[in-house]
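The sequence and the structure are shown first.

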Amino acid sequence: MVNNNVYKAKRIINHMTTKQIYELAVEMGIKADLRGKDSVKKYLERTKNKYESLNKEAKSEFDREKLLNPYSDTRILVDNGKKQIKKILAGIDIDGSEMLLAREIGDIDLVISHHPTGKALADLHGVMDLQAQVLADYGVPINIAESVMRPRISEVARNLSPINHNRSVDFARHLKLDFMCTHTIADNLGASFLVKLIKKENPEYVADLIALLKKIPEYKAAGEFNAGPKVFAGNPENSCGRIVVTEFTGGTSGSKEMYEKMAQAGIGTIVGIHMGEEHRKEAEKYHLNVVIAGHMSSDSLGMNLFLDELAKKGVKSEVCSGLIRIKR
Ligand SMILES: [Fe+2]
């Protein structure tokens, strides 16, 4: 009888709704944020003050989720009010085909995309100011970091505007599937994991850093299909100098003007998820080493840390769309 009660209590704790899963995602994202919890708290307070100073019309247009969630690219997109989410389908990109896969699997209650879509994609640039603060924490003066990031954030906003943001959201609605995206929260989890590991192991040479990354199962698995960590700028024989994990979280690629400032701030090696050729050339020009860990593998690392937490709370998951599932 006692055992039965314990079991029931545990079952009640394990019941999660889509809203609770979302709240857990935001809580974990804040805890892992490279800016630190206090800095995020200040950021939220500032958002609240800005909101309160708005007129009635501007207030009605304001996304009130921003008062509690500092990540504009992490949102619930469809919530059918299900009482319990037993099983989810998680993937790096979710579109109609993955939605049909969810229906084919049959017992999926909620679909989670890593990359943002819907309103979270339309406001992806809203999370990019995180990058300026992270750079400031690594020694780039905040006024320079902000002034270099600002035009890039506007550019990203303009590039996002013509996209058919709600395509997959409409698909989920028709199939009556709950749907959310967890972008920067997962990237924060991955970045924080790497920062701690690099601090602990302190690799001396670029080759040592690559070897360290290859020990992480997601990168090892990616290496098996030719997508493992790679040196994009510099040389494996180079000394790392000061290693920073800057191109990992905060929406999308930052400003290429930043590399000169990073070199001046004493940074030696950048660890990133992906990097375009223009950015790579600029980093190389300023003698920075660039180690690109890999895109799907890095996104998987962050998502896995989140899915592990959901598993502890009794939510089962299936994965698709490039997500390499490793349980810890
Ligand atoms: Fe990504």
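The model is predicted, so local features are given only at pLDDT of at least 70 and side-chain atom pairs only at pLDDT 80 or more, while totals for chains, interfaces and linings use all residues. Residues are numbered from 1 along each chain as its sequence is written, and side-chain values use heavy atoms, with hydrogens and water left out.

## Metal site

Which residues coordinate the iron ion? The donors are NE2 of His-115, NE2 of His-295 and OD of Asp-299, at 2.1 to 2.2 Å. Along the chain these donors have the spacing H-x179-H-x3-D. Helices (H or I, at least four residues) and strands (E, at least two) are DSSP runs numbered from the N terminus. A donor here is an N, O or S atom within 2.8 Å of the metal (3.2 Å for Na, K and Ca); water is not among the atoms, so a site may look incomplete.

The classes are buried under 20% relative accessible area, exposed over 50% and partly exposed in between, with a 1.4 Å probe and protein chains only.

## Nonpolar cores

In soluble globular proteins, nonpolar side chains tend to be buried together. A nonpolar core is taken as a set of buried Ala, Val, Leu, Ile, Met, Phe, Trp, Tyr and Cys residues joined through side-chain atoms within 4.5 Å. The largest such core holds 77 residues, and those with the most contacts inside it are Ile-21, Ile-112, Leu-194, Met-262, Phe-306 and Leu-310. Helix 2 (residues 18-31) contributes the most to this core, with seven residues. Leaving aside residues up to four places away in sequence, Ile-21 touches Met-16, Ile-85, Leu-110, Ile-112, Met-180, Phe-306, Leu-310 and Val-315. Contact means heavy atoms within 4.5 Å. A second, separate core has 16 residues, including Val-78, Met-99, Val-169 and Leu-177.

## Pockets and cavity

Points are joined across faces, edges and corners, and a volume is the space filled by probe spheres set on them.

| Space | Volume | Lining by class |
|---|---|---|
| Largest pocket | about 850 Å³ | 11 nonpolar, seven polar, nine charged |
| Second largest pocket | about 280 Å³ | five nonpolar, 12 polar, four charged |
| Largest cavity | about 100 Å³ | six nonpolar, four polar, one charged |

In these classes Ala, Val, Leu, Ile, Met, Phe, Trp, Tyr, Cys and Pro are nonpolar, Asp, Glu, Lys and Arg are charged, and the others, Gly among them, are polar.

The largest pocket is lined by 27 residues, and nearest its centre lie Tyr-43, Arg-46, Lys-50, Gly-126 and Asp-129. Helix 3 gives the most to this lining, with seven residues. Helix 3 (37-52), helix 7 (129-137) and helix 8 (142-160) each supply at least two.

The second largest pocket has 21 lining residues, with His-183, Gly-251, Thr-252, Ser-253 and His-274 closest to its centre. Strand 6 (243-247) and helix 15 give two or more residues each to this lining.

One cavity of 30 Å³ or more is found in the whole structure. Its lining includes Gln-131, Met-149, Glu-247, Tyr-259 and Met-262. Helix 7, strand 6 and helix 13 (258-264) each supply at least two residues of the lining of the largest cavity.

## Single residues

Asn-202 is not a glycine but has a positive phi of about 45 degrees. Asn-202 lies in the loop between helix 10 (184-201) and helix 11 (206-214) and is exposed, at 58%. Ser-321, also not a glycine, has a positive phi of about 50 degrees; Ser-321 is in the segment after strand 9 (316-320) and is partly exposed at 23%.

Ser-113 is placed in strand 3 and is buried, at 1% relative accessibility. Among the residues that Ser-113 touches are Gly-91, Asp-93, Phe-179 and Cys-181.

Conventions:
On a 1 Å grid over the protein atoms alone, a cavity is a set of points where a 1.4 Å probe fits but cannot get out, and a pocket is an open set with protein on both sides within 12 Å along at least five of seven lines; lining residues have an atom within 4 Å of a point.
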